Amino acid sequence: KTNSSEGKVFINICHSPSIPPPADVTEEELLQMLEEDQAGFRIPMSLGEPHAELDAKGQGCTAYDVAVNSDFYRRMQNSDFLRELVITIAREGLEDKYNLQLNPAEHPLGAASSDPGAGGPVHARPRES
């Protein structure tokens, strides 16, 4: 969850078996790839359209659904590292796709929940060209 000049923004991470899984590498291998700045690892995901939601206080907000492979999602649930990586990649993808600027400092890592606000707010504003 974050905020923007347009208000509070939620990124809902969900899953689908129709999305292909990423390559099967260990967290150690993945960390080494990231440290060496290798761009060979990809996490296939679907970045959904913005839609209106209500937060826990009944205030209007914008939500984006981001779907990953179901098996990978289950693996992610047991790994803070993978969850944080997916959230970071999803945030960057949404920024690029929708010309947003999300505030990563306001992203608290939260547990999976049906509440759009369970992960904490993310603040966004349109990018200035």
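Asp 80 and Arg 83 both belong to helix H3 and sit 3 residues apart, about one turn of the helix. The two form a salt bridge, with 2.1 Å between the closest N and O atoms. A salt bridge here is a side-chain nitrogen of Lys or Arg within 4 Å of a carboxyl oxygen of Asp or Glu. Arg 83 has a relative accessible area of 16% and is therefore buried; buried means under 20% relative accessible area, exposed over 50%, and partly exposed in between, with a 1.4 Å probe and protein chains only.

The model is a predicted one, in which local features need pLDDT of at least 70 and side-chain atom pairs count only at pLDDT 80 or more, while totals for chains, interfaces and linings use all residues. Residues are numbered from 1 along each chain as its sequence is written, and side-chain values use heavy atoms, with hydrogens and water left out.

**Overall composition**

The chain has 3 helices and 7 strands, arranged along the sequence as β-β-α-β-β-β-α-α-β-β. Helices (H or I, at least four residues) and strands (E, at least two) are DSSP runs, numbered from the N terminus. Of the 129 residues, 40% count as buried. The accessible surface comes to about 7400 Å², and carbon and sulfur atoms hold 49% of that area; the areas come from the Shrake-Rupley method with a 1.4 Å probe, and for residues only the protein chains shown count as cover. Among the contacts in the chain with a separation of 6 or more, 64% are between residues 24 or more positions apart, where contact means heavy atoms within 4.5 Å.

**Salt bridges**

The whole structure contains 5 salt bridges. In general, side chains of opposite charge can pair when their charged atoms come close.

| Asp 80 | Arg 83 | 2.1 Å |

Arg 91 is buried because its relative accessibility is 13%. Glu 95, with a relative accessible area of 11%, is buried as well.

**Packing of H2 and H3**

Helix H2 (residues 70-77) packs against H3 at an angle of about 125°, and the axes are 6 Å apart. Axes are lines fitted to C-alpha atoms, for helices over the stretch in contact, and angles run from 0 to 180 degrees between N-to-C directions. H2 and H3 are therefore oblique to each other: angles under 35 degrees count as roughly parallel, over 145 as roughly antiparallel, 65 to 115 as roughly perpendicular and the rest as oblique. H2 contributes Phe 72, Arg 75, Met 76 and Gln 77 to the contact, and H3 contributes Leu 82, Arg 83 and Val 86. By class, these are 4 nonpolar, 1 polar and 2 charged residues. Ala, Val, Leu, Ile, Met, Phe, Trp, Tyr, Cys and Pro count as nonpolar, Asp, Glu, Lys and Arg as charged, and the others, Gly among them, as polar.

Val 86 lies in helix H3 and is buried at 0% relative accessibility. Neighbours within four places in sequence aside, Val 86 touches Ile 13, Ile 43, Met 45, Val 68, Phe 72 and Met 76. Its C-alpha atom is 8.8 Å from that of Val 68, 18 residues away along the chain.

Ala 90 is also placed in helix H3 (residues 80-98) and counts as buried at 0% relative accessibility. Beyond residues up to four places away in sequence, Ala 90 is in contact with Ile 11, Ile 13, Met 45, Leu 47 and Val 66.

**After the helix**

Asn 99 lies in the loop between H3 and strand S6 (100-103). Although not a glycine, Asn 99 has a positive phi of about 55°. Asn 99 is partly exposed, at 35% relative accessibility.
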